[in-house]
Amino acid sequence: MRGGKRLSVGVRVWIFQRAVPSVIVVVRSSSLTVVRKGILGDVVRSIGGKKDKVSAEMSKAKEKKRAKKMKNQPSSVTFPFDSEPSHNEIYFPNGGDKTSQRKKTDKRFETSQQSFMHQKPFHEIPKYVTVSPFVQARAAEMKAMLKAVSQKSSNTLVFQSLPRHMRRRAMSHNIKRLPRRLHELARIETEKSKHLKKDLPKSKCRKARRRHTNLVAEFNRRQKKNIWLETHIWHAKRFHMVKKWGYCLGDRPTTKSYRACYRAMTNHCLLQDLSYYCCLELIGKEKQLLTALARMCNVDAGPTFAAVPCLTGKREGAVMLYRRDRYPEDALGPVTFIWNPTNRSDESPQSRQLWMWTHPAFKQDILAELKAVFQCSEPMDICNPEPVPTLAQEESKMYVAENVGQKRKRKNQGGEMVVVPVKKIIGDGTRDPHQPYCWASQITGIVISDLTMEILRYRLIGPLSHCVLTEALKVASAHTEKDSKDSKMNSWWIEKCQNPNQVSVHLRQESTFQLLQELSSSDIPSGTVLGLTVGDPRVNLPKKRSKAMPNPEKYQENKEVKQLILEGVPAECAQSFLWDQNIRKSVTDTKMPEQELNRLRSELLVPGSHLDLGPRESKIPILLVQHPGKKAGQDRPGWGSGWDIYLPKGWGMAFWLPFIYRGARIGGLKEALKHSLYKRTPHVPHDYPDCPAGVQFANELERDLLEKFKRRPPAKRANYVKHGTLAPFFCPWSKLTHDWEARCKNRKYTDAAAIDSQASASGEEVSLGPSSEAHEVESPVTCALHQQIEMSSQNKQMEEEKKATDLCKEDETTSSQSFCVLRSKKLLRQVAVWCQPPSHKNRRIQCLASKLDQKELSEDALLPMYRCYPRALVWVSLSLLRKGSPELHTMICIPTEEDILQLHRGQHFFGPQEPKHSDRFKSKVSKQKGKKERENSEKAKESSSSDTVNVSSSEHKDLVLGLWPDPLPDVTSHCSRVLLGFVTQGDFSLASGCGEALGFVSLTGLLEMLIGQPASKRGLVLLRNPASLQYRFARLIVEI
């Protein structure tokens, strides 16, 4: 400042702008500056005059802002802004240019210098300054200033102090996204937030709040109606689930995997869970078992329970069961069976054990018939699957729960600790404890047990399925040392290892299992049984998922391998401890929990290394059964073969995951259906129309398809009446066989009448003697017809025809199972040879024809079939010659001579077309709709007239636009081409590259077609989809 003398450093000066432009105020904390005399008086006077005006002009917003800033300042520091200006303060309020202000003050200093000299100052300037108090005061002020700067004056976060263009969303959880100068503040802020969160009560998400406290109890409650498999939770996350046959099963994967599953079945391995299949155990003397079971099957349909390879226990057999002494009618369903191998050197009668596996749809019918045949009516109490736990068992459960972890404890309402029981198996405990599962006969001594869900069953399909088995499973090592911690662990295995015979059998099973590693599943004889005892597969679980492949360097074609391919596994190697119920229960109860296994893995010195449990490793008895592949046809022999593995319950997921980690792809019910389609074998229960379960399945399928059809509007769905389709949603097998039987009888009557008229016109007598010339020309069919004509002429032919038709109608109405499926191997081979043209006969059929002394196709050869099987169905496979893809319920028709000629002439002729039919029910449906509308309007007005309207509308209440109502007319002659049968499975085949189908045809119609076709064109049929008018040519083959 001009004219002044500075005495010290550290003087703080504030400059404020006021309304008065000529006043400048200098505020000093102490009088350390000497100002010229005369100027201070003028300044003081000007300040006094303008004081009120300056204070009035201060806005309220600035006051609030200053109060907010001064909120956190220490009380020892005061600022004179709000107080009146002291005498030693000089104001400079103009806020303009400092040089102009200085010039104005200099002029005033010169003019008022004399008057200022005569005035007295308000306060005397100190002559000296004490350094220590002065420094302490300044230090306190600086400390207060730093504290005010470091302390936040608002609740904003660190990243919110940045400008908006520098903010990022990741700053809220990632400190490194902030500038480095704010890292420390952000770290402190996050630590404080974490500390605060611990003090607050935990707020769970909605999913966690809705989660049941006892999940196993909740799972068991949810599977009272539909039982879960042990792999249910794994399937529910990856598959579309369906509820069928009392189980909740995986239908198809949620991902697109149709072609991938086919490649797995063809090149590698496909895994399926068949644990829902039912196992029925029969225990008794061998002779009594075979005698009773022989009444439920027939040798004519194939090998029975008494087949020598199956009776020894080294092969699995398959047989079709019927009601006792009712073959070939009243079929019950197919079963597969395994005999428990025993020592055959002992000739004394011994108790044998037999397992019969069947689909759950056939279980009740077969079980009821078995109990009736063996006279097992008394249930046994010892087979209760859920016994009441004793006090010792409860204490052991509590001990295990306390040792496993604190998560199994919870507090009740009184605050006491309650131990949650150890988890049970998902799927176990769903049986009713009051329902019997074991029946015994006092007469025969045979015991029937239901082992459903007691034994698990997995199926591996593909040529490399054994590579998956050998890599996932390791044969258990024999040892005789007991575990000091748990004496019950593997106690049964230690006892068995003390027997040298058992150890030798176990070593031989291990060597046989290693020999199978480099062989394909189709190289082994079908139905081969191999027993094993393996270690815990969870121990050998790899780190990453890999694909099991064979090692050709290890393969050596020696005598043992050749003997294995020709003869299969020896009978002694088929023994397994899985047959013992006590061992199965011990293996299930002593399974090491997953929690304990993970704890042992965490204690490994090298993470990820192999876990060696030693004597504590569980030993699991299993059974390996080879299931055969494709047998029919020349193409792809052995396709679809693999292995079935039987396990004790409780070990489902322990074996499931290792198979997946070795590259096995998982399939559901849809993949099983395609597997049977490519193998050309009947699928259960779709392709068993003569069984009660097959009829029930067809009714359920018809109901579902009909509901789906009705959900669409009439303009967006097919009109099956116009397409000439009588049954688009079901196959009327009984009506088809009945119509073909009547058609054949009418043809015989017409042929006989024509022969009679010709004989009467020529004047010749119809004689049946051996000397007549007509006998050389006539066939046995015509002879039988002449006999019928003579009898009808005596007893009035017209009356007998009416009686016959009435009897046929009564038979059709009383029993829907009046037809049967032809399963006689001898007759099927004959029909298969007849269906093949001479140029297309394969070697297999020619060998069969040569062995059986095959007869030529003639009326003499057909006559026994007509008499024995008048209403029979034949299982056939169809492959389209050209384009087209068959669907469900596709019609199989007989081509005319003109159709065959056009096929031979033109290569671009795909097939004839069905002329469009007229919908005769369209007017009735419209009338029915009008009656319903009038009925609804009349109900509101007249309640008495509603009864009469209901009677009139009940005549056509089942009419649906586009569907043919019941009763159906003649299904064989409804269309321009004669109907022969229906398709039950059909789709485009990835294996053959064309459309393929499986179905049934009438035996009578098939034989009539073969007689009328030329030899070079035998087996040609026409296929037409239900919603199409186009016929397609296909080749028919009878599968044996």
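Buried means under 20% relative accessible area and exposed over 50%, with partly exposed in between (1.4 Å probe, protein chains only). The views below show a predicted model, where local features need pLDDT of at least 70, side-chain atom pairs count only at pLDDT 80 or more, and totals for chains, interfaces and linings use all residues. Residues are numbered from 1 along each chain as its sequence is written, and side-chain values use heavy atoms, leaving out hydrogens and water.

**View 1. The whole protein, before zooming in.** Of the 1040 residues in the protein, 43% are buried.

**View 2. T1004 in helix α34.** Helix α34 covers residues 1003–1012, and T1004 sits in it. T1004 counts as buried because its relative accessibility is 3%. Skipping neighbours within four places in sequence, T1004 is in contact (heavy atoms within 4.5 Å) with W740, C744, Y866, Y869 and P870.

**View 3. The largest nonpolar core.** A nonpolar core is a set of buried Ala, Val, Leu, Ile, Met, Phe, Trp, Tyr and Cys residues joined through side-chain atoms within 4.5 Å. The largest one here holds 73 residues, and L1006, L1036 and V1038 have the most contacts inside it. Strand β24 (residues 872–880) gives the largest share, 7 residues.

**View 4. Around L1036.** Neighbours within four places in sequence aside, L1036 touches C835, V876, S877, L878, V1001, L1006, G1019 and V1021.

**View 5. A second core.** This separate core has 47 residues, among them Y458, A472, W651 and W656.

How values were computed:
Helix = DSSP H or I, 4+ residues; strand = E, 2+ residues; numbered from the N terminus.
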